[in-house]
Amino acid sequence: MTNVIDLQDVSWRRAQETILSEINWHVEKGEHWAILGLNGSGKTSLLNIVTGYAWPTSGHVQILNQPFGRTDIRELRKSIGWVSSSLQERIKGSELAENIVVSGQYASIGLAYESPTQEDFDKAFQIMEKMRCHHLAGRTYQTCSQGERQKLLIARGLMASPDLLLLDESTSGLDFIAREELLSTIQQLMRQDDAPTIIFVTHHIEEVLPEFSRTLLLIDGTVFASGTSQDVLTAESLSRFFAIPVQIDWHHGRPWLSRQD
Ligand SMILES: Nc1ncnc2c1ncn2[C@@H]1O[C@H](COP(=O)(O)OP(=O)(O)OP(=O)(O)O)[C@@H](O)[C@H]1O
């Protein structure tokens with residue numbers, strides 16, 4: 001399977017408004033992508049299209065080689081991990097960390113009616129180790145910091161061994177140290193041979209790790225630029241994108257943005 005995401009001329013209109021317009025986007029296995037865009041530019045809507053929660057008004061969608069319209073989307077979703085703020089809001093504070101992770105196997109949020117096996121828990125603890133959050137076992141969700149919660153949710157997203165992992169603003173609300181720790185954990189994950197394809201949505205350009213070899217820039221529901229991060233994240237391109245003069249400095253393979261006034 002090489003074709004992870006293939007969107008051709010995808011548009012999505014709601015209530016007379018065009019939210020996504022003529023999106024062409026192709027993601028191959030082995031690539032990891034960052035998606036950047038201002039508030040309301042359509043990032044979450046795009047993920048809704050990829051997961052089949054929104055149906056394009058026009059255009060063609062193929063995910064993990066499966067063309068929408070001829071695919072059982074509920075079955076396909078088992079191969080997609082999705083970590084978003086709306087998932088975070090649905091987790092009960094009293095749920096145990098390891099139960100949250102195991103519930104990813106059952107596409108449930110926490111364990112209420114499921115009967116997980118010892119193998120499920122063994123796998124969950126392995127993933128928690130990989131995500132550097134195994135020390136949270138036995139703790140309730142409400143006692144975990146925001147950074148720890150994000151790690152648990154990503155661990156939950158990995159539980160069903162997805163081919164595609166969508167991380168929507170995972171670093172939002174994290175302080176500098178917690179953010180860098182989470183980014184470093186995601187970086188380790190991407191370096192592993194069995195890593196899923198990761199799509200990382202963010203507002204912060206400096207979060208584009210070197211492993212995010214490709215970047216998609218969205219503006220008002222359209223693709224402003226798409227390609228290798230080095231080509232897309234230039235001072236010239238970003239000055240047009242933000243409509244103010246900016247400068248980009250690359251340090252250790254990461255782009256840092258500043259105003260050029
Ligand atoms: N179901 C819907 N019906 C009508 N409008 C919608 C719907 N979903 C999203 N929108 C609108 O589409 C636009 C894009 O929203 P979206 O949440 O995709 O942007 P975003 O880039 O993820 O924003 P943010 O960075 O603030 O999370 C917004 O103007 C939003 O109000």
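Which residues in H6 are buried? In this predicted model, the buried positions of H6 are Gly147, Glu148, Arg149, Gln150, Lys151, Leu152, Leu153, Ile154, Ala155, Arg156, Gly157 and Leu158. Helix H6 spans residues 146-158, and twelve of its 13 residues are buried, leaving the helix mostly covered. From its first C-alpha to its last, H6 reaches 19 Å, close to the 18 Å expected at 1.5 Å a residue.

Strands E6 and E7 also belong to an open sheet of six strands, in which the order is E6-E7-E8-E3-E9-E10 and the pairing is mixed. The edges of the sheet are formed by strand E6 (80-83) and strand E10 (222-228); each has a single partner strand, so one side of each is left without a neighbour in the sheet. From one strand to the next, the twist averages 15°.

Strand E6 runs parallel to strand E7 (residues 164-168), and four bridges join the two. Within this pairing, Trp82 has Leu166 of E7 as its bridge partner. Helix H1 (residues 43-50) packs on the sheet, where its contacts are with strand E3 (33-37), E7, strand E8 (197-202) and strand E9 (214-219). The direction of H1 makes about 155° with that of E7.

How values were computed:
Residues numbered from 1 in each chain as written. Predicted model: local features only at pLDDT ≥ 70, side-chain atom pairs only at ≥ 80, totals over all residues. Pairing = 2+ DSSP bridges. Axes fitted to C-alpha atoms, helices over the stretch in contact; angles between N-to-C directions. Contact = placed C-beta atoms within 7 Å. Expected span 1.5 Å × (residues − 1). Buried ≥ 20, exposed ≤ 12 C-beta atoms within 10 Å, placed from the backbone.
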